[in-house]
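Student: I would like to learn how to read some features of a protein model. Could we go through them one at a time?

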Amino acid sequence: MSETPGNPGQARLSVGPVEVAYLRRDEALEAVGRAFRDRAPVRIAFCNANTMLHALSRPRFAETLAGFLVLNDGLGMNLCSRLFTGRPFRDNLNGTDFTPEVLRADGPDLRIFLLGGAPGTAEAAAARLAVQFPRHRIVGTRDGFFGDEEAEAVAEAVARAEPDLLLVGMGNPRQEEFIAAAAPRLSVPVVMAVGAFLDFTAGNVVRAPAVVRAVRAEWLFRLAQEPRRLGRRYTVDVVAFLWCIALLRLKAGPALRRA
């Protein structure tokens with residue numbers, strides 16, 4: 001158990017090189033609200049089993065995540081927490097649910113830039129967000145289909161729009177790596193790597209019913225929707241994830257550290 005950078009009183013779960021903050025939902029929302037108020041930049045990533053597997057197998061990605069406030073997402077993170085500390089996370093902080101909570105929270109009216117998805121996805125998501133959260137303003141959209149040679153121009157377009165909140169949905173590790181590389185060009189208080197949030201918001205992907213999400217079985221619903229794309233993630237990659245964290249737990253020794 002270690003502490004979150006910049007917040008010495010906040011514990012975090014350490015799994016190999018990956019650090020995941022132990023924050024309740026209200027605490028995470030307060031951290032975001034504080035960044036808006038103080039104009040003190042924060043980058044937020046959401047770590048599920050797939051993200052953890054990427055980070056454990058790719059040192060460069062783990063180094064990238066070290067510059068983020070990493071929040072827990074899903075059953076895999078609860079399993080990690082129980083294995084390494086003997087306790088679960090108190091709230092499930094997946095990006096698809098957490099992002100609307102940021103937009104609903106008390107605070108300033110925000111300028112928002114949406115980046116990611118196939119052509120047309122960010123625009124469709126912007127139209128829906130404008131209806132759901134009319135006090136905020138969408139100041140820019142861009143699809144995520146661009147190469148490395150265009151990344152600097154995309155970052156400059158975001159900077160010119162001067163958003164308070166940048167939502168990047170390009171899948172991991174690409175979205176987090178883009179955010180880390182673009183950060184020196186940006187002065188955005190809050191940047192969030194939101195995965196499939198834009199696709200869900202645009203209506204490209206149907207969200208699991210609330211009862212399915214409540215029992216943490218949304219992954220089964222998504223697998224049924226997209227078996228070809230997600231089949232490996234929820235079969236082979238799950239086995240690899242379990243193997244990796246089991247080995248790390250054995251190396252950590254017999255004693256569980258409780259917060």
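Tutor: Start with salt bridges: a salt bridge is a side-chain nitrogen of Lys or Arg within 4 Å of a carboxyl oxygen of Asp or Glu. Keep in mind that this is a predicted model.

Student: How many salt bridges does that rule give here?

Tutor: The count comes to 13 salt bridges. Take R90 and E27, whose closest N and O atoms are 3.7 Å apart. This pair links distant parts of the chain, since R90 and E27 are 63 residues apart. R90 is in the loop between α4 and α5 (95-104), and E27 is in helix α1 (residues 25-38).

Student: How do I tell whether such residues are buried or exposed?

Tutor: Look at the relative accessible area: under 20% is buried, over 50% is exposed, and partly exposed lies in between. R90 has 46%, so R90 is partly exposed. E27 has 25% and is therefore partly exposed too.

Student: Which residue does E19 meet in a salt bridge?

Tutor: The partner of E19 is R12, with 3.4 Å from N to O. E19 has a relative accessibility of 25%, so E19 counts as partly exposed. R12 has 18%, so R12 counts as buried.

Student: What about R142 and D143?

Tutor: Their side chains also meet in a salt bridge, at 3.1 Å from N to O. R142 is partly exposed because its relative accessible area is 23%. D143 is buried because its relative accessible area is 16%.

Student: Now the surface. Which residues make the nonpolar surface patch?

Tutor: To be part of a patch, a residue needs over 30% relative accessible area and no salt bridge. Here L79, L83, V238 and L242 make a nonpolar patch of about 260 Å². The elements that give two or more residues to that patch are α4 (75-85) and α13 (236-252).

Student: Where is L79 found, and why does L79 count as partly exposed?

Tutor: L79 is in helix α4. L79 counts as partly exposed because its relative accessibility is 34%.

Student: How are the axes of α4 and α13 placed?

Tutor: For a pair of helices, read the distance between the axes, then the angle. The axes of α4 and α13 come within 10 Å and cross at roughly 15°. Angles under 35 degrees count as roughly parallel, so α4 is roughly parallel to α13. The crossing of α4 and α13 is right-handed.

Student: At what angle do α1 and α5 pack?

Tutor: The angle between α1 and α5 is about 50°, with their axes 10 Å apart. The crossing of α1 and α5 is right-handed.

Key. Residues numbered from 1 in each chain as written. Predicted model: local features only at pLDDT ≥ 70, side-chain atom pairs only at ≥ 80, totals over all residues. Heavy atoms only, no water. Patch = residues over 30% accessible without salt bridge, like charges linked within 9 Å, V, L, I, M, F, W, Y side chains within 5 Å. Areas by Shrake-Rupley, 256 points an atom, 1.4 Å probe, with all protein chains shown as cover. Helix = DSSP H or I, 4+ residues; strand = E, 2+ residues; numbered from the N terminus. Buried < 20%, exposed > 50% of the residue type's maximum accessible area, 1.4 Å probe, protein only. Axes fitted to C-alpha atoms, helices over the stretch in contact; angles between N-to-C directions. Parallel < 35°, antiparallel > 145°, perpendicular 65-115°, else oblique. Left-handed = near helix turned anticlockwise from the far one by under 90°.
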